[in-house]
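Here are my notes on the model, point by point. Have the structure open while you read.

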Amino acid sequence: MATEAVVSFAVERFGDMLIQEAIFLKGVRGKVDRLQKDLGAMKCFLEEAEKKQEEDLRVRKWVSEICDAVYDVEDIIDMFILKAESLRTDYFLKRVFKKLINRHKVGKKIEDIQLTLRDISNRREALGIKNIGEGTSRSGQMLQDLRRSSPRAEERVIVGLTREADKLVKQLTVGDQRRRVISLVGMGGIGKTTLAKKVYNHEKIVNHFPDCRAWIYVSQDCRPREVCMQIINQVSAPTKEQAEMIEKYGENELGDFLHDHLKEKRYLIVLDDVWSCADWDFLAKVSSNDPDCPGNVFPDGSNGSRLLLTTRYKDVALHADARTIPHEMRLLSKQQSWDLFCWKAFLDADTESYPPDLKELGEEMVDKCNGLPLAIVVLGGLLSRSMSHTEWKQVHDNIQAYLAKEGQMGVMAMLNLSYIDLPHYLKPCFLHLSLFPEDYVISSRKLLLLWTAEGFVPEQDDRRMKDMAEVYLNELINRNLIQVVRMSVNARVMECRVHDLVRELAIEKAKEQNFIGTNIADPLSPSTSLSLFSPKSRRRSIYSDFERYASIEHLTPYLRSLLFFNLGKNCRASQLDFIAKCFKVLRVLDLEGLEIECLPSIIGELIHLRYLGLRHTRLKILPPSIGNLRSLQTLEINNLRQVPNVIRKMKNMRYLYMEGQEEGVPLQIDTLQNLQILSGITFDQWIKNDSSNLTCLGKLKLEGRCEVEGVEFSNSIAKLLSLKSLYFKASNESNIPPLVINSCLHLSKLDIKGRMQKLPETVEFSPNLTQLTLEASRLGCDPMPVLEKLRKLLTLRLRAKSYLGKEMHVSANGFPQLKVLQLFELLELNKLNIEKGAMPWLMQLQFFCRTKFSGLDELLNLVEVKITLPWLRPLLWSKMARICLWDRTCRSGGIHLCRQKGQTSASSRQAVEELAALLEHRKYCPVNDASDKTVSFAGLVIGSNSSELPKQDIFSYSFPLSVCAENSWYAKSAL
């Protein structure tokens, strides 16, 4: 459970309420203050209690009672504030009388809860819960013992890891002679230990480290002394006297002894299942012999010694060796999953001889495992006991339950370790993932906004809540509990998803705590029992059957979050009335994708609402009553004809997204002093507001017809002292006025879409600009002489019609820090000249294949190239004999080239030279082998279908004759 997070949030929220709701809480302020202190005192027990409750039913009950009490007091105060707000419309005497009654009632309820909390606290010792944090629980220790790995227990059949094993063997045996730490990173059950065993026992590894290898299982209960003793026993053969002496050593002396023994040897040590950076620091601590040498227990003799780590966390891998890129484990493909399942389920039988009636059931069950090897192995082992169609069907119909209960080495038991290890502040964020449908691709922007609205993220002085939420998201990704689907060019997560089995774990844990309702996944049937809907449930998501859900009796009056997914129903406003009537203390309401044409005015009664999501609905206008939503922090809506001019009342608004408005509609927003993101306001609306009041605004997107005067417009932007990101999207018939934004010292990201009257001079840009995107600018002059002088620019994207010229030139020393250059759909651009010394740090290049280059062979840090040209993919995908230092991937729209890892400075130069030879349309013959003659083509016939060639252009490339022969390519006309 995430009870400590619940209590922490309650303590902070009560403190906020004492300040913000002082008027409403008058008369009960003292009681709320004392309650806040009581809960604060309880926090000190909860972190360890939460770990203990996994194994001890008494502790679980005790923690659950605390959580229920916190929920109760939260409900009481929220309802009290709601009633106090409703009294504002009553006449004076009636209002005074009702206030007195309400204060008396809420005061009595708070006193009752304080008595309950004291009783819970007193029963802690009576229940025998005295030493909550001591030691490891019995069943937890049993699980660790069962998981204890040994290199001798190697799997006989390993599917999908042969290629990875070969790569790791190469990393461990060749290359850099410094002592390196190579890490295998991935979620629980993905096969890290299996791969490590295969590598450890590989013939080349045994021969390369003949005398000094050790395999150690570390686990969550890391004991440095025990680890050192195991390593010593495996890498040395102490006599009886030495063993007795070693047994008496302390940890530091053991470290010194191990260091001295390893100092002159080439060693390989596997540390399996390392859980934290602190554990690594303990294991590789500085020896007293040489305190200036980091990681001195494992000495660096510059002789090719290696450590191999397995861990669930990427930050542990990077902490152990920041110069070595971790090996991130991948889920199995569909075919690999089926092959592994067949080996386990049919006991080594010919994979084509399985009973045909079981194939369909088996394939569907394997799909549910989503490529997770442990789940497939457990499933195959379970089904291998019987070939009965009936028994297979039983497992098929309830597969998650079977995977969960299949012994203490079951899938859920393995994944649960990652949940237990989460710090308290990440647990509610993880549980929140249970609200999303299976296989749902989650927008990270939306996820972060939901977390902040839920109150999972505390606001800190130096970091805004959304920024802190992004830190939480990245931490869950690094812990392999969230999978990245799409990243931006500057490596920020744009979309993510959750593995099905991890989602099942989140649902199980969330239900235990009433974090979510029980009707999370399935359509509601007429026979659905109303008792399933726990009155304590705090969150619910609806995936189907909106009409049924809207019509039932709702017994969850204290619901805080309600999310709808993929419904697409055409709803009348009256069908949404139940939301405001039944869930009066709702904080999060997401109606995205629900086809509603108008919103009921009763929505304005949800005064606790913090998040209102209305994207991709049919709404064209909002009711004026939304101005009553004084707690609203986030409003998301698009394609709205107009936003009512009541937004100015929402003083707590932080994130306002309203793309697609009509022109000429007034909108006052300069009263929103907490506003941090404003997206979708028109140029005309913006210029009529006093931007100097928006002191917190960090991101601004303006769109529509741009008919504003340049100086006035630039001045309005210059007043935004916190601005970091600026986006202009002008309509086709208007121009972006001349800009002078050099006073925006925090501005780091500028995105301009629309015709520009002129490109600003270098001195007119923000001096701290790191990202610049231009699109449809229709510049006639080469922009590079201006842009190359932006000293801090890291990313430059010149998109379609941003430049209409034929050539670009980057001079020496231009773009001193640029890392990413995108020249996307510049159809007129024929040539890019790069002088020596330009773009020394460029790492990623994307362009349309028509462009020719000169000077690429000096870009020694270039590691990634994306070439946009779908029809040429078969050509570049082939075995281009001299493009041997780049990995190639065919993707929709072109070719993706990535330079292979672990290259020396010499091979780096060779890599860019062979790439330059391809992209500069000339031959490349490396010095060490020029025997294979090359021939150039001014056109290619791929296979025998000449219709695949473009009609208007001729391209010339150079390829070895041997490659042409191998791939049956024929010259249309040789040069």
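1. Disulfides first: the structure holds 0 of them, taking a disulfide as a pair of cysteine sulfur atoms within 2.5 Å. Keep in mind that this is a predicted model, where local features need pLDDT of at least 70 and side-chain atom pairs count only at pLDDT 80 or more, while totals for chains, interfaces and linings use all residues. Residues are numbered from 1 along each chain as its sequence is written, and side-chain values use heavy atoms, with hydrogens and water left out.

2. The cut-offs are under 20% relative accessible area for buried, over 50% for exposed, and partly exposed in between (1.4 Å probe, protein chains only).

3. How confident is the predictor? The protein chain averages a pLDDT of 78, and 75% of the residues score at least 70; pLDDT is the predictor's confidence in each residue, from 0 to 100. Two stretches deserve a flag. Residues 519-532 stay under 50, and the model has 29 contacts for them beyond four places in sequence. Residues 927-975 also stay under 50, with 73 such contacts. Contact here means heavy atoms within 4.5 Å.

4. Now the overall make-up. The protein chain has 31 helices and 36 strands, which are DSSP runs numbered from the N terminus (helices H or I, at least four residues; strands E, at least two). Of its 975 residues, 53% count as buried. Among contacts between residues at least 6 apart in sequence, 59% join residues at least 24 apart.

5. On to the nonpolar cores. The largest has 115 residues, and I579, W686 and L700 touch the most other members. Helix α30 (residues 905-919) gives the most to this core, with 4 residues. A second, separate core of 94 residues includes L161, L195, M468 and F515. A nonpolar core is a set of buried Ala, Val, Leu, Ile, Met, Phe, Trp, Tyr and Cys residues joined through side-chain atoms within 4.5 Å. As background, nonpolar side chains tend to be buried together in soluble globular proteins.

6. What does I579 touch? Leaving out residues up to four places away in sequence, its contacts are L562, F564, L586, L589, L591 and L606.

7. There is also an open sheet of 3 strands, in the order β25-β27-β29, with parallel pairing. β25 (807-810) and β29 (852-854) are at the edges with a single partner strand each, so one side of each has no neighbour in the sheet. The twist averages 10 degrees from one strand to the next, using axes fitted as lines to C-alpha atoms (for helices over the stretch in contact) and angles from 0 to 180 degrees between N-to-C directions.

8. Strands pair if DSSP finds at least two bridges between them. V810 stands opposite I834 in β27, and N833 has S854 in β29 as its bridge partner.

9. Last, take a look at K831, found in strand β27. K831 counts as partly exposed because its relative accessibility is 34%. Its bridge partner in β29 is K852. K831 and M808 are 23 residues apart in sequence but 6.5 Å apart in space, C-alpha to C-alpha. Beyond four places in sequence, K831 touches K806, E807, M808, T851, K852 and S854.
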